[in-house]
Amino acid sequence: MEIQRPRGTADLLPGTVEAWQVLERIVRDTLATANYQEIRTPVFEHTELFERGVGDTTDIVSKEMYTFEDRGGRSVTLRPEGTAGVVRAYVENKLYGQGSISKLYYIGPMFRYEKPQKGRFRQFHQYGVEVLGSEGPAIDAEVIHLNLTVLQRIGLKNLQVELNSVGCSVCRPRHKAQMVALLTPRRDELCKECQERLEKNPLRIFDCKNEHCHTVLKEVGAPYITDVLCEDCSEHFQSVQAYLTAMSVPFVVQKDLVRGLDYYTRTAWEVTSPGFTTIAGGGRYNGLVEQVGGPATAGIGFGGGIERALWVLAEQGGSLTDAHTIDAFVAVADTSAERTAMAVLATLRGRGISADRDYQGRGMKSQFKLADRMNAKFVVILGEAELASGKATVKDLATGQQEEVPFAELASLIEERVKGAAVGGHEA
Ligand SMILES: [Zn+2]
Ligand SMILES: [Zn+2]
């Protein structure tokens, strides 16, 4: 029987993977412009990290984790998100001792046991940013601006930032008390999850997908956290908005936005586009580093799904094309030229020119077809005549022009032409 890939996973084949490479390059290049550096953490961690670092009331931890016992009897979990691992690495490697803030980013696979559907996978891929060590509202604006810029450069349209503040350890308990007082008399009408949320984190009732829960919220006049922020949170929130305006970031305040994670404090946001809910989002997490065992350190970050971004891009009629090409195809017209062909390939590749050949004994006509299929820019022809004259025939597939080039000058000529074309391409 044929073995198939597990449900909720995907094979990224040549032809599809190029768009991913472009997207990843956009993420790296965009974040580099703001002096962010990459961090790579393990794909699996001790389960306890996510229980503490993501929060055991969240759907992610309570329902969606790939948790298993390893052969040593330890409970480990395939990372369901990127932040907890980065924060753990920050603490474990004492990055806080370096005297400056850490501006980090990651790209990689995450795992959640969810019902697979369009654009949603059990192994999915995220890019994200974490900044540790700054409490000020300016860094909030920088991170939100970067989150938006990455998506704009990918080519997504009509993007908007939905922004909120979810308060802090001063104003959140006050809000919680109000929620509990207002909602307890109607507790039975809330969905099961919200009954639990009422005890642990009533703010997240605003995040419920059940309509009746929202009706109850409205009927009891449950206050938005945004309306009952403490003075510090309120000031922080105002400053973030002022900075975003200065940076020309389009945003709206969305008072019922709370995000599905327990660790957010103050700023929380999502990037959306009409017709598409969350494309990426993030928030501030001032208590998380301590929760994971480090010194009190402010943090903020965002994450976005690669599958999701590409899906929205396709729905909007866009694409990230980066057709695979090679610089040179070495065609062998006669078996006597085999060894020279291998030498030429090695020389070209050694100069950074991408080159390939036929390895299946095709005739000349068929080799040219293969060169076409590989999107080769030049074909270098080697046969008896070429060996005798010490010159290869080089054909430019774009113009059809052919010329004789001494073996020793082959690499320089192709290098020059390819670079010239690249420069011309950028100008056009
Ligand atoms: Zn507060
Ligand atoms: Zn509910």
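Predicted model: local features only at pLDDT ≥ 70, side-chain atom pairs only at ≥ 80, totals over all residues.
Residues are numbered from 1 along each chain as its sequence is written, chains are lettered from A and ligands numbered from 1 in the order in which they are written, and side-chain values use heavy atoms, with hydrogens and water left out.

Reader: Which geometry does the site of the zinc ion (ligand 2) have?

Author: Donors are N, O and S atoms within 2.8 Å of the metal (3.2 Å for Na, K and Ca); water is not among the atoms, so sites may look incomplete. Here the protein donors are the SG atoms of Cys191, Cys194, Cys208 and Cys213, at 2.2 to 2.3 Å from the zinc ion. Four donors count as tetrahedral if all angles lie between 85 and 135 degrees. The angles among the four donor atoms are 105 to 116°, and the site is tetrahedral.

Reader: How many residues apart in sequence are the parts that Cys191 and Cys213 tie together?

Author: The zinc donors follow the spacing C-x2-C-x13-C-x4-C along the chain. Cys191 lies in the loop between helix 6 (171–183) and helix 7 (192–200) and Cys213 in helix 8 (residues 211–219), so the pair ties together parts whose separation in sequence is 22 residues. Helices here are DSSP runs of H or I with at least four residues, strands are runs of E with at least two, and both are numbered from the N terminus.

Reader: What is the angle between the planes of Tyr66 and Tyr113?

Author: Rings of Phe, Tyr and Trp (its six-membered ring) pair if their centres lie within 6.5 Å; planes under 30 degrees apart count as stacked, over 60 as edge-to-face and the rest as tilted. A search of the whole structure finds five aromatic pairs. One of them is Tyr66 with Tyr113, edge-to-face, with 5.6 Å centre to centre and a plane angle of 75°.

Reader: Is Thr297 buried or exposed?

Author: Buried means under 20% relative accessible area, exposed over 50%, and partly exposed in between (1.4 Å probe, protein chains only). Thr297 lies in the loop between helix 10 (288–291) and strand 11 (299–305). Its side chain has a polar atom 2.7 Å from the backbone oxygen of Pro295. With a relative accessible area of 9%, Thr297 is buried.

Terms used. Polar contact = N/O pair within 3.5 Å; in protein donor to acceptor, adjacent residues only side chain to side chain. Tetrahedral: all angles 85-135°; square planar, octahedral: opposite > 155°, others 65-115°.
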